[in-house]
Amino acid sequence: MFTVLTILHVFICLFLILVVLLQAGKGGGMGIGFGSATSQTVFGGSGAGNFLSRMTAVVATLFIVNSLALAYLSTQRDSPRLRAIAAEKQKAQEADEAAKEKLLKDVEKAKSSAASEAAGNTPAESNEATSAPASEAPVEGQAPAEPPAPAEPPAPEAPPAEPGSK
């Protein structure tokens, strides 16, 4: 339906352009294009003005009605797609919130276990029943237990000798 109305809209636009261009300026009438005697016989006794004016009004009305129908159908067609996009964004936002909460819990666990170790308690003696086992892989975003040893900087190179100096 949308495609049919779009094609019809193009034809209405072209016909409206044709009807407007057929109308001559003030006082010119159709005598310019067809000769003054022929304009009376082709378009009737009143001349081209009345017929072309009515045709312009009819085609302009069709153009406006077709434009409104296309606008309505366009919003109805895009509405479910926009709702689906909004739902996807909402799901992504909820997933981000859950990931943030999990990260905050992991940081709190790490802080509490570090505080208990600093106080002399072992992780088994701490009151935390949900502490993670030591064999578990580190959580993304956490620093490793021991940082790697820093690499030694390369030795500075001697500046090249200038030519001509001994």
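Visitor: Leaving aside its neighbours within four places in sequence, what is T56 in contact with?
Guide: T56 is in contact with L16, V19, V20 and Q23. Keep in mind that this is a predicted model.

Visitor: Where is the place of T56, in terms of helices?
Guide: T56 is in helix α4.

Visitor: How far apart are the C-alpha atoms of T56 and L16?
Guide: They are separated by 6.6 Å. Along the chain, T56 and L16 are 40 residues apart.

Visitor: And is T56 buried or exposed?
Guide: Buried. Its relative accessible area is 18%, and the cut-off for buried is under 20%.

Visitor: What backbone oxygen lies 2.7 Å from a polar atom of the T56 side chain?
Guide: That of L52.

Visitor: Let's move to N66. Which helix is N66 found in?
Guide: Helix α4, which covers residues 48–118.

Visitor: Why does N66 count as buried?
Guide: N66 has 4% relative accessibility. Buried means under 20%, so N66 counts as buried.

Visitor: Which residues does N66 touch, not counting those up to four places away in sequence?
Guide: N66 touches L5, L8, H9 and I12. The side chain of N66 also reaches the backbone oxygen of L5, at 3.3 Å.

Visitor: Now α1. Which residues of α1 are buried?
Guide: L5, H9, I12, L16 and V19. Seen down the axis of α1, these buried residues fall within an arc of 95°, so they line one face of the helix.

Visitor: Why would residues three or four places apart point the same way?
Guide: An α-helix has 3.6 residues a turn, so residues at that spacing point the same way.

Visitor: What exposed residues does the face of α1 turned away from its buried side carry?
Guide: T3, F11, L14 and L21.

Visitor: How far apart are the end C-alpha atoms of α1?
Guide: They are 30 Å apart. With 21 residues at 1.5 Å a residue, α1 should span 30 Å, so the two values agree.

Visitor: Change of topic. How many helices and strands does the chain have?
Guide: The chain has 4 helices and 0 strands. From the N terminus on, the elements run α-α-α-α.

Visitor: What share of the chain do buried residues make up?
Guide: Buried residues make up 11% of the 166 residues. The chain exposes about 13600 Å², and carbon and sulfur atoms supply 64% of that.

Visitor: Of the contacts with a separation of 6 or more, how many come from residues 24 or more positions apart?
Guide: Such residues account for 70% of them.

Visitor: Where is confidence highest, and where is it lowest?
Guide: It is highest in helix α1, residues 2–22, at a mean of 92. It is lowest in helix α3, residues 36–42, at 52. The chain averages a pLDDT of 76, and 58% of the residues score at least 70.

Visitor: Over which residues does pLDDT stay under 50?
Guide: Residues 125–129. For these, the model has 2 contacts beyond four places in sequence.

Note on methods: Residues are numbered from 1 along each chain as its sequence is written. This is a predicted model: local features need pLDDT of at least 70, side-chain atom pairs count only at pLDDT 80 or more; totals for chains, interfaces and linings use all residues. Side-chain values use heavy atoms; hydrogens and water are left out. Helices (H or I, at least four residues) and strands (E, at least two) are DSSP runs, numbered from the N terminus. Buried means under 20% relative accessible area, exposed over 50%, partly exposed in between (1.4 Å probe, protein chains only). A polar contact is a pair of N or O atoms within 3.5 Å; within protein, one must be able to donate a hydrogen and the other to accept it, and residues adjacent in sequence count only if both atoms are side-chain atoms. Contact means heavy atoms within 4.5 Å. pLDDT is the predictor's confidence in each residue, from 0 to 100. The expected span of a helix is 1.5 Å times one less than its number of residues. The arc is that of the directions from the helix axis to the C-beta atoms. Accessible areas come from the Shrake-Rupley method with a 1.4 Å probe; for residues, only the protein chains shown count as cover.
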